[in-house]
Amino acid sequence: MQKKRSLWLHPAAKPLLFLICCLPLAWLVWAAAMDQLGANPAEALIRSLGDWSLRALCLTLAITPLRTVANVPALARFRRMLGLFAFFYVSLHLLAYGWLDMGLDLGDIAHDIAKRPFILMGFTAWVLLLPLAATSFNRAIKALGAKRWQLLHKLVYPISLLGLVHFIWMRAGKNNFAEPAIYGAVLAVLLGWRLLRRWRSGSRGA
């Protein structure tokens, strides 16, 4: 067990994770440059960035259950980076939509957000991610205090649900619910584990 923990604490672990998190973007840039994104490259790019946003959120939420169940506390050191990459991919997803779909016309973007509920869900998730990204640093923890910081960062739970609703609603137009069902199951496990743990701790204290 000690050998496994030392690997998670290795100085190269974080740079390696950073490079791995950059791979989806590198592949999308390469695919766009080589015209490998299919008949509708703009739509493929927007949707792929959205997919990676949701995956990064799921990975961020998976850190606590994994480190608890596997008894590897060192995994916690990767949570901040994964959370920031989730914000990064959500921001790229929003930028790609605003640029490739709406031509960066702020009036049209605002009208589209107000008109289409599933876009409003996604935009709301991004807005809620802003304070989390802005306070993902040690100075912010000290400035806010640990309790307030932890309370603020619990926003990741409704954010993940908003992201899932955004995804389901978007796929509903094509009656394609297979992939959203997989993400829904993953989030149900990750959030359900937390609820069960809280309920058990409350039962012990009763």
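Is cysteine 21 buried or exposed? In this predicted model, cysteine 21 is buried, with a relative accessible area of 13%. The legends below start with the whole chain and then turn to single sites.

**Figure 1. The protein is built from ten helices and zero strands.** Followed along the sequence, the pattern reads α-α-α-α-α-α-α-α-α-α. The C-alpha trace spans about 50 × 40 × 40 Å along its principal axes. A compact globule with 206 residues would have a radius of gyration near 17 Å, and the 19 Å of the protein agrees with this.

Figure 2. Buried residues make up 34% of the 206 in the protein. Where contacts join residues at least 6 apart in sequence, 68% of them link residues at least 24 apart.

Figure 3. A search of the whole structure finds zero disulfides. For cysteine 21, which is in no disulfide, the nearest cysteine sulfur is that of cysteine 22, 7.0 Å away. Cysteine 21 is buried, because its relative accessible area of 13% falls under the 20% limit. Cysteine 22 has a relative accessible area of 27% and is partly exposed.

**Figure 4. Serine 160 is a buried residue of helix H9.** Helix H9 covers residues 156-172, and serine 160 is found in this helix. The relative accessible area of serine 160 is 0%. Which residues does serine 160 touch, not counting those up to four places away in sequence? Serine 160 touches Leu54, Leu57, Leu61, Leu187 and Leu191.

**Figure 5. A nonpolar patch lies on the surface.** The patch is formed by Leu95, Trp99, Leu100 and Leu104, which together have about 410 Å² of accessible area. One of these residues, leucine 100, is found in helix H4, which runs over residues 79-101. Leucine 100 has a relative accessible area of 34% and counts as partly exposed, because that class lies between the limits of 20% and 50%.

Definitions and conventions. Residues numbered from 1 in each chain as written. Predicted model: local features only at pLDDT ≥ 70, side-chain atom pairs only at ≥ 80, totals over all residues. Heavy atoms only, no water. Patch = residues over 30% accessible without salt bridge, like charges linked within 9 Å, V, L, I, M, F, W, Y side chains within 5 Å. Areas by Shrake-Rupley, 256 points an atom, 1.4 Å probe, with all protein chains shown as cover. Salt bridge = Lys/Arg side-chain N within 4 Å of Asp/Glu carboxyl O. Helix = DSSP H or I, 4+ residues; strand = E, 2+ residues; numbered from the N terminus. Buried < 20%, exposed > 50% of the residue type's maximum accessible area, 1.4 Å probe, protein only. Rg over C-alpha atoms; globule rule 2.2 N^0.38 Å. Contact = heavy atoms within 4.5 Å. Disulfide = S-S within 2.5 Å.
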